[in-house]
Amino acid sequence: MEKVLVTGGCGLIGQHICSGLLKKGYEVIAIDREETGYNDGKDNYTFVECDPTDKNTIAELFENYKFYAVVHAAFTVDNDYGPIVTEKEMKESAVADKFIYHYAATSTAKKIVMLSTSQVYQFPKTREPIREDSDLKPVTNYASMKYASEKAMSSEMQHHKDEELIGCIIRFAPVYTLNFTDNLMVKITDPKDGSLFVFGEGQYGFQMCCVHNLVDFILCFIKNADSARYAGVYNVSDKLLTTAADIITFMREHHRLGAVMQKSSSGAISKLKGIFGASKEEKQNYRYLDLSKHENNNMLDCTRASKFVTFRWDIHNTK
């Protein structure tokens, strides 16, 4: 039975990754800051409570287990992080990344998967889909943290490029599930007064990622990536945009939703803020809502990732 290490294994995303791996017959060793009760009664699952910066404990894990793959999901928001990412957390991530990638590259591991974010891309000026080679411009603390993690992994992989280790960086859109709707709700919530709103009929969309699409890709990559040609960056998201109207319908069917106001187009919203750079709130808050970009319908091009898996989940069939 092949063993997989999952960092940040007890958060929202981490638990779904662990569940998927267990269903596929892997033995899972998960680490996180605190236990959530997820491991109760699960076969082939071991939880180790430790901080991701605990170098000694993680070193022992690599010594005691012959890992087939490593999934680095620690320091991922919507997992065990909230929307506000501080400078302290950025520094902790950098510390953990350095030795986790080193241990993975010098161990028995054949695959390493790192969870990044689509926020690392520069916001495009056209309606062209965002591809893996599109321009990068991390603005938020979270995007900067993940981009630094990407570079740390790439650097470590370069030092061990002759080893049989296949590295994968996943840049995925904000996630949701049937019951985790924070990333959906922020798209229809006015940050000034907390009211719910929609422009016009809500027929504009956002690139979102059902967490089951993310997990399906990770599972397929771990199983099927069999050579160095599969290494590199992958965009992962839902196949189609999620419209504001979709979000409102979804929330009314499955959750409570108050009154939703209709507003005129956001085209008249001032964009002067961009001249002076990002505000402190925008930099710190992963879910910061920039109304000047609200109706731009920018899609991630997931063509490369689609070679591994069909993205079959969306807001209409999520669970």
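**Terms and model**

Contact here means heavy atoms within 4.5 Å of each other. Helices (H or I, at least four residues) and strands (E, at least two) are DSSP runs, numbered from the N terminus. This is a predicted model, in which local features need pLDDT of at least 70 and side-chain atom pairs count only at pLDDT 80 or more, while totals for chains, interfaces and linings use all residues. Residues are numbered from 1 along each chain as its sequence is written, and side-chain values use heavy atoms, with hydrogens and water left out.

**The sheet**

Let us start with the strands. An open sheet is formed by 7 strands in the order E3-E2-E1-E4-E5-E6-E11, with parallel pairing; two strands pair if DSSP finds at least two bridges between them. E3 and strand E11 (232–236) are the edge strands, each pairing on one side only. From one strand to the next, the twist averages 20°.

Strand E1 (residues 3–7) and E4 run parallel and are joined by 5 bridges. Leu5 has Val70 in E4 as its bridge partner.

**Helix H4 and Asn141**

Helix H4 lies across E4, strand E5 (111–115) and strand E6 (166–172), and runs at about 165° to E6. Such angles run from 0 to 180 degrees between N-to-C directions, and axes are lines fitted to C-alpha atoms, for helices over the stretch in contact.

Asn141 belongs to H4, which covers residues 141–159. Asn141 is buried, with a relative accessible area of 9%; buried means under 20%, exposed over 50% and partly exposed in between (1.4 Å probe, protein chains only). Leaving aside neighbours within four places in sequence, Asn141 is in contact with Val85, Thr86, Glu87, Met90, Lys283 and Gln284.

**Helices H2 and H3**

Next comes a helix pair. The axes of H2 (residues 55–64) and H3 (residues 87–105) come within 11 Å and cross at roughly 15°. The two helices are therefore roughly parallel to each other (angles under 35 degrees count as roughly parallel, over 145 as roughly antiparallel, 65 to 115 as roughly perpendicular and the rest as oblique). Lys55, Ile58, Ala59 and Phe62 of H2 make the contact with Phe99, Ile100, Tyr103 and Ala104 of H3.

**Two loop residues**

Most residues other than glycine have a negative phi. Asn44, not a glycine, has a positive phi of about 65°. Asn44 sits in the loop between strand E2 (27–32) and strand E3 (45–49) and is partly exposed, with a relative accessible area of 40%.

Phe75 also has a positive phi, near 60°. Phe75 is in the loop between strand E4 (67–72) and H3, and is buried, with a relative accessible area of 1%.
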